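Visitor: I would like to learn how to read the place where two chains meet. Could you take me through it step by step?

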Number of protein chains: 2
Amino acid sequence: MPKVRRMTRQRRVILEILRNTKDHPTAEWVYEQAKAHLPEISLGTVYRNLHLLEAEGEIRELDCGGASGRYDGNSLDHAHFKCLECDRIYDTAGPLELNGQPFDLEGHMVSSYQLVFYGVCRHCLNKRSEKQDNSQR
Amino acid sequence: MPKVRRMTRQRRVILEILRNTKDHPTAEWVYEQAKAHLPEISLGTVYRNLHLLEAEGEIRELDCGGASGRYDGNSLDHAHFKCLECDRIYDTAGPLELNGQPFDLEGHMVSSYQLVFYGVCRHCLNKRSEKQDNSQR
DNA sequence: ATATCTGCAAATGGTTTGCGGAGGA
DNA sequence: TCCTCCGCAAACCATTTGCAGATAT
């Protein structure tokens, strides 16, 4: 573990990208975006910085299943909704408030959480009803 | 996708193992256990059956981060607690009730959820206080 | 000055899959 | 019988890592 962290161009760009999207992108997507600013950047660097930024509490990796990890520029505890049809991940207000305070749960000390709802999203529900309208026409 | 599922010895053993543990084991662990009953079983078969059983709604794969997937013999929606120190996963009652009914969340149709709390578990908290006791002695 | 960071490319490791034979229904 | 399932081993693919040079502080 290094003692002092350097704010390299790569790290700044990666953080910027995550801060400026409401999606919950994969490392690969971040890499593609970053190349627009730093054509020489490598995927390994993206992964290294994603982990570094997560360790610093700047971003968060989501546990939502699927082949590749998703990252969230908002590191505050909040709930997500993942569409089982298109794999989009949405932020939701969620029913929980942690208030930054660890709390006791059955003897365990809870310091954070990930709440993921699964189902079919607005987007895909609309598509479904469009299809139905067409077939009824 | 096959039309009729066969209840093979392998599938029965794998399901049995998951039903009879309160842990949330990895595929590898299930494989090791299964070998005690079926020495010839292969890891590929374990994975195939875990997916099959999940598709049938018999078991559930957990999204809790970490290198390898965890499986849960209880497929009903419920919350988990994962220790950040020892990686154990505990069942918890959790604050949510879905009642088997999909509900609307900001326009999305929610059919299931995964809620994972993170923190330090009873077990590790005890270890900590034991250490402290020793150093104070 | 110097220790951290980067690009590159190879290694890793959990998971998946093609194949030919086995075995449930 | 026959079609699904198995064991085996190779393939896959997201992620990690060793190295030598670059760079932030």
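Visitor: How many residue pairs are in polar contact between chain A and chain B?

Guide: A polar contact is a pair of N or O atoms within 3.5 Å, where within protein one must be able to donate a hydrogen and the other to accept it, and residues adjacent in sequence count only if both atoms are side-chain atoms. Between chain A and chain B there are 16 residue pairs in polar contact, both at pLDDT 80 or more. This is a predicted model, in which local features need pLDDT of at least 70 and side-chain atom pairs count only at pLDDT 80 or more, while totals for chains, interfaces and linings use all residues. Residues are numbered from 1 along each chain as its sequence is written, chains are lettered from A and ligands numbered from 1 in the order in which they are written, and side-chain values use heavy atoms, with hydrogens and water left out.

Visitor: Which element of chain A gives the largest share of the side that touches chain B?

Guide: Helices (H or I, at least four residues) and strands (E, at least two) are DSSP runs, numbered from the N terminus. Here the largest share, 13 residues, comes from strand 6 of chain A. Strand 6 of chain A pairs with strand 6 (residues 108-120) of chain B in the antiparallel sense over eleven bridges, where pairing requires that DSSP finds at least two bridges between the strands. A:Ser112, for instance, has B:Tyr118 as its bridge partner.

Visitor: What is the area buried between chain A and chain B?

Guide: Buried area is the accessible area (1.4 Å probe) that two parts lose on being put together, summed over both. For chain A and chain B this area is about 2,500 Å², and carbon and sulfur atoms give 60% of it. Of the area that chain A buries against chain B, 24% is supplied by A:His108, A:Met109 and A:Tyr118, more than by any other three residues.

Visitor: What rotation superposes chain A on chain B?

Guide: Copies are superposed by least squares on the C-alpha atoms of residues with pLDDT of at least 70 in both. A rotation of 180° with 0.0 Å of shift along its axis brings chain A onto chain B, with an RMSD of 0.1 Å, and the two copies are thus related as by a two-fold rotation axis. The C-alpha of A:Leu115, 2.1 Å from the axis, is the nearest to it in chain A.
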